Amino acid sequence: MFTCKQVSNALSKEDYEKLPVLRKFFLKLHVKLCLFCGKFNGQVMQSQDMCRCYKEHEEHLEPLRPKLDAEKKEALKELLRSQAQLKD
Amino acid sequence: MSEENQEKVAIAPPETWVDRYGDYLYGFAMSRLRNAEAAQDCVQDTFLAGIKALDRFDGSRDIKFWLRGIMRNKIVDHIRKAVKEKKVDIDSEDEGLIESFWFKYSGIATTNPDPWQFNPRKHYDNGEFWIVFEKCIAEVKDPAREAFVLRVLEDQTTEEVCKVMGITPNYLWVLLHRAREQLKTLLEANWTGKDAK
């Protein structure tokens, strides 16, 4: 069984989903039952869930994200064309 | 599958990269750097580094993801430079937290954090929620935001982030706690989607 400090240390080093199965089980059990660190570390785990989900969704966010402005695009194209020619 | 049998992906010529991947990379950089000028510089540096290293691209995956890999390094470089310019100093409140009984005894900041005002899990399938999430990350104050981007979004190890930011692991823990705290408050204030409250 983990101590509160060990749970906090484990969560600060690693996403709990990446922990080996048994370690993850005991960590979740501790957080569920612990009156001292349960609420705090439960929120840390929730934040880890959120960030993991965000990264899984990131690839599909392009249409909703800000775009490069047209002027910058043209300048970049020009630069890439010249660099590609230099390399050839 | 042997290496020879692996299907190679066609490489788009660099002249077409801006139209193909410009917006994708810019959106990605904006989600980490929050500053349009810095994000544009990052896209430019990524493309230039991509052209230089193109000979080393093995075609085993879409070049878009290869360029994004280069961009990850550029983002870390950018944050490293920004941190170097202003140097991260620990304030007295954060110092107090590290010295507190709860942190020393159990590695937590409080036994009773404020509960979420809505259940964010309900919105994980909604793209709009993640855009608000990105905007909220951009509003988190530095250096907590920088620590959060490096450690959580860019998956740098604790040792790497401490080295880049010149801070101790304990202070990194405090910064990540501050970032999570602010992100929660900002999401509660800014997410107005269905069943938000």
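Here is a walk through chain B and the way chain B meets chain A. This is a predicted model, in which local features need pLDDT of at least 70 and side-chain atom pairs count only at pLDDT 80 or more, while totals for chains, interfaces and linings use all residues. Residues are numbered from 1 along each chain as its sequence is written, chains are lettered from A in the order in which they are written, and side-chain values use heavy atoms, leaving out hydrogens and water.

Let's start with chain B itself. Chain B has 9 helices and 0 strands; here helices are DSSP runs of H or I with at least four residues, and strands are runs of E with at least two. The C-alpha atoms of chain B fill a box of roughly 60 × 40 × 40 Å along the principal axes. Of its 197 residues, 51% are buried, meaning under 20% relative accessible area with a 1.4 Å probe, protein chains only.

Now for the partner. The contact (heavy atoms within 4.5 Å) takes in 63 residues of chain B and 43 residues of chain A. Together the two chains bury about 4,800 Å², with 62% of that on carbon and sulfur atoms; buried area is the accessible area (1.4 Å probe) lost when two parts are put together, summed over both. On chain B's side, B:V18, B:D23 and B:W130 supply 13% of the area buried against chain A, more than any other three residues.

B:D23 turns up again in a salt bridge with A:K73, at 3.1 Å from N to O. The interface holds 7 salt bridges, each a side-chain nitrogen of Lys or Arg within 4 Å of a carboxyl oxygen of Asp or Glu.

Conventions:
Buried < 20%, exposed > 50% of the residue type's maximum accessible area, 1.4 Å probe, protein only.
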